[in-house]
Amino acid sequence: MLIWVLLTGIYYFFLLYPLIRYRAFDSIPAKRANAIVTLFVYFAVGVLIFAAISGEQFIYYWDYGGYYDRTIFIKNMYEGSALDVLKNVYETSTLSDYGTWISAVMAVPLQLTQCRFVDYIMLVYLMFALPAACSLSLLGGGYFSEKQHKYFFLGCNVLILLMPWYLQPMLEGYPGIAAFVPLICSLWIFLKSEGLYKITLADAVVLSFSFIAAALLRRYFCFYLVGFVFGGICYSFCCWRMHRQGKAELFQYAASYMKVGCISMFTLILFFPGFLQRVLFVDYAGMYVAYNNGSMLEKCRAFTDHLGMLLLLFILFAAIAVCRNYKNYIPLVLFCFVFEVVAAVCFFSVQSVGIHHYWTFLLPLLLLLMLFLSLIMADRRNIYFVICSICFFYNTIYVYFGTSMPMMNAAICQRDLYVRKNRTDLTAVGELTEYLQSIQEDKKIYCIASGSVLNNDILSKYYLPEACPLQLSAVSHVDLRDGFSEEFFTSDIVVTTEPVQVHLREQDQQVITVLQREFADEHSNISSHFEKVHTAQLADGVTVHVYLKKSGFSVEDISYLEGIYDSLYPDHLELFHDRFEEVKTKCF
């Protein structure tokens, strides 16, 4: 329990620090009405989330259930040795791209539930999404205090929680919204210190730690930090110019940035050298080349489609109003614009954006939306407020429930809809896993499939929240990220599909497609060592074949596969050629 209190306390420190440091709740007028109605909004949105998720019939595999599975794993680890949890959190946060700090914070409360997927999602909502929404709304109340309406805090909470950009990835199973708490803490410090001009040493330390914490929670927020730094420099320079300050003040800005940078680098070098090494030297662009689809222009178009015309119009209105009448907010608009451009260019140069990656770009957009809300509420332009509210709620209803007004949808709405996840073949998958369990004995199972109908993670996650009884081998999915899995040669049961199951381009998943073709050919060097023992039908016309090994591989068989992959990837010997050579050394 002490380890959980430690990890949870560190996390929520980033929530409490700005609330105490800047007396955040003092910025809320009409406190009682705001509190009561805001709590009702929190409760109502929670009920809707629970109703949506509890009605799903799905196997939560890969990203859908990755952190759900990790949280159950950490929950079980707490029951053994809490020190092992601390060690696991540190090692995964430092040496892996998928740390378990989020899971360690959620694991103990999860013990109080039935450990269902819906319980996991509700914990993400209660422990991360709500505190972040509250802190950000308070930040808006403090920063836009000149133009604040008495129900501005309530309006911000409604705006944040009901916008699909905020909660939709969470409903898909992603917990990255947890990083918002430290990131919002950094925004508090940055904006309240007027672009680091008035920053204290304590604030500089907390700002540095909040950056590091966000990156440790989810790696892709490193792109956020790059955008934050460039946007922050522009914000500070704009403040310096607007206030007609001299060289001494400019030096003070620069010294503050140097102070935060030095604290961050010293902390990383001292406590997280493995993390720093991965961020600086791992070729993420090469690892995720299979996820990098389309030109920069196509990615930008997908980005704007995801946001939708409604959000862009709100932001444009706020920017025009600021430039004409509220010039003191120009630094904020510049900060958000530069942030978005820099973060997007950096991210797009590495990979395409998934639904959860949009969280990387959301906070500056929310700042601009709160600015927009403050302007129309404070100026009491009721007709504009009513029109904007109708459009906003229409977009929300369209994304979550769908509508039949195509012209309205195209004019204002975002393009990524939320679709409740339901499988029609759960019984067939269950029968397949039961059969595999009945024949496995002490044999290992290798699944040659990487699609949404079947993959090795679907076989594993079928049993959640219980432990998987199948002895599944480690499977490669993406060529230049995973390479060839040596465990294929030590597995005695092989599962394949017809047609081949991939979730990316076939040329990027030839660790799947090549092996699948070998088993589809009954006379190949590889399939001749196996006997087909079972066939099953799954959704979308996918046929599953189960093979049992009847004879071992020879050196010639390994060399045969080695030759295929050497011709495909002659420049990636460490991922393919070297691994085949190592198998030859171990086995013969």
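This is a predicted model: local features need pLDDT of at least 70, side-chain atom pairs count only at pLDDT 80 or more; totals for chains, interfaces and linings use all residues.
Proline P499 lies in the loop between strand β2 and helix α23, where helices (H or I, at least four residues) and strands (E, at least two) are DSSP runs, numbered from the N terminus. The peptide bond joining E498 to P499 is cis, with omega about 5°. Most peptide bonds are trans, and most residues other than glycine have a negative phi.

Residues are numbered from 1 along each chain as its sequence is written, and side-chain values use heavy atoms, with hydrogens and water left out.

Among the buried residues are V511, I512, V514, L515 and F519, together with E518. Their cover includes β1 (445–448), β3 (530–537), β4 (543–549) and α24 (555–568), by contact, meaning heavy atoms within 4.5 Å.

I turn to backbone angles. C115, in the loop between α5 (101–110) and α6, has a positive phi of about 65° although it is not a glycine. R244 also has a positive phi, of about 50°, and is found in the loop between α11 (221–242) and α12 (247–271). Are these residues buried or exposed? C115 counts as buried at 11% relative accessibility, whereas R244 counts as exposed at 77%.

What of the cysteines as a group? A search of the whole structure finds 0 disulfides, a disulfide being a pair of cysteine sulfur atoms within 2.5 Å. For C262, the nearest cysteine sulfur, that of C222, is 19 Å away. C262 counts as partly exposed, at 47% relative accessibility. For C413, the nearest cysteine sulfur is that of C391, 8.6 Å away. C413 is buried, with a relative accessible area of 0%.

Finally, a helix pair. In α1, Y11, Y12, L15 and L19 meet M127, F128, P131, S135 and L138 in α6.

Key:
Buried means under 20% relative accessible area, exposed over 50%, partly exposed in between (1.4 Å probe, protein chains only).
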